[in-house]
Amino acid sequence: MHRTLENVFYEVRQPRLCWDDIGGLSGPKAKVREMVCLPLTKGEELRSMGVTFPAGVMLWGPLGLGITMLAEAAAREAGATFVYVSGQEMLGKADHMEEAFALAVREAPSVFFLSDIDWLCPRAGASYDWGPGNLRGKPPTFADMAFTERFLAMLDSLMGEPRVRLVGSCYRIDVVDQAAIKEKKRFNRKVFVPPPTAAERREILAIYTRRMPLAQDTNLDAIARKAEGCTGWDIENLCRKAAILAVEEGGGRVALSHFFSALRSLTPWLTPDMVEGYHRIFREDCPHHYSF
């Protein structure tokens, strides 16, 4: 059995989540299956056809959309160990980072997921503005140059480890050091995880309400349309708050009014300038790095 590490730095475990646990994101799911799962499940077949694999795959997009869940579901589909590293918790802990890298190799086949690459490899002089005065999502602190250089060297050490699929995440791709995402031996492929549409918010709502007793008037489509700017985190909080309101009223079911009341007390993570900003950054990025 694999060793489970109970600390805030990293964790090694058998993956528990599957694709159906993730609402929406049909495009990113397909890309992750192709770039992460296929090299582990069909690696020999691909090599026999002369296909080279992405060294590392960077998932980027708004916080709270389930990016970590995508990596874990990929590990489950591939029958691989899931090795998770919290990038922000690793700042100043290079020795722990090296231990996690060693475990990803030891526990192979594995999906080695490193979150918060924008904390670990910040791009010098990057602008974090979404609009006037809007710096939402900007990391409060960053790795120093010595840590970043050591981290990049660790990434290079994974070369020649075909049974380790390297996956990273960041909240926006334009604030990451180009040394991490342009080198062919590092995160040389990208998957954009965009702000959710109304249809995708409806899928997320369906997941969080599937065990919830709903009143007959509860219309998930109407709730999804009104939940503009909400991410998966927001929708989870929305459902929890609606259930609390129903219980406080003494009702046995959660009605549409409870969801609308909960929405009024919720501040969505995404602002309109952030939604436009994400799509603008993606449009302006090099398209070749988004293909296998």
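A polar contact is a pair of N or O atoms within 3.5 Å; within protein, one must be able to donate a hydrogen and the other to accept it, and residues adjacent in sequence count only if both atoms are side-chain atoms.

## What you're looking at

This is a predicted model, where local features need pLDDT of at least 70 and side-chain atom pairs count only at pLDDT 80 or more, while totals for chains, interfaces and linings use all residues. Residues are numbered from 1 along each chain as its sequence is written, and side-chain values use heavy atoms, with hydrogens and water left out.

## Around Ser 115

Let's start with Ser 115, whose side chain makes a polar contact with the side chain of Asp 116 at 3.0 Å. Ser 115 has a relative accessible area of 4%, so it's buried (under 20% is buried, over 50% exposed, in between partly exposed; 1.4 Å probe, protein chains only).

## Cysteines

How many disulfides are there? The count is zero, taking a disulfide as two cysteine sulfur atoms within 2.5 Å. For Cys 239, the closest cysteine sulfur is in Cys 230, but at 9.9 Å that's too far for a bond. Cys 239 is also buried, at 2% relative accessibility.

## Salt bridges

There are 17 salt bridges, each a side-chain nitrogen of Lys or Arg within 4 Å of a carboxyl oxygen of Asp or Glu. One of them joins Glu 228 to Arg 201 (3.3 Å, N to O). Glu 228 is exposed at 54% relative accessibility, whereas Arg 201 is buried at 2%.

Glu 276 pairs with Arg 283 too, with their closest N and O atoms 3.0 Å apart. Elsewhere, a network of salt bridges links Glu 11, Arg 13 and Glu 72.
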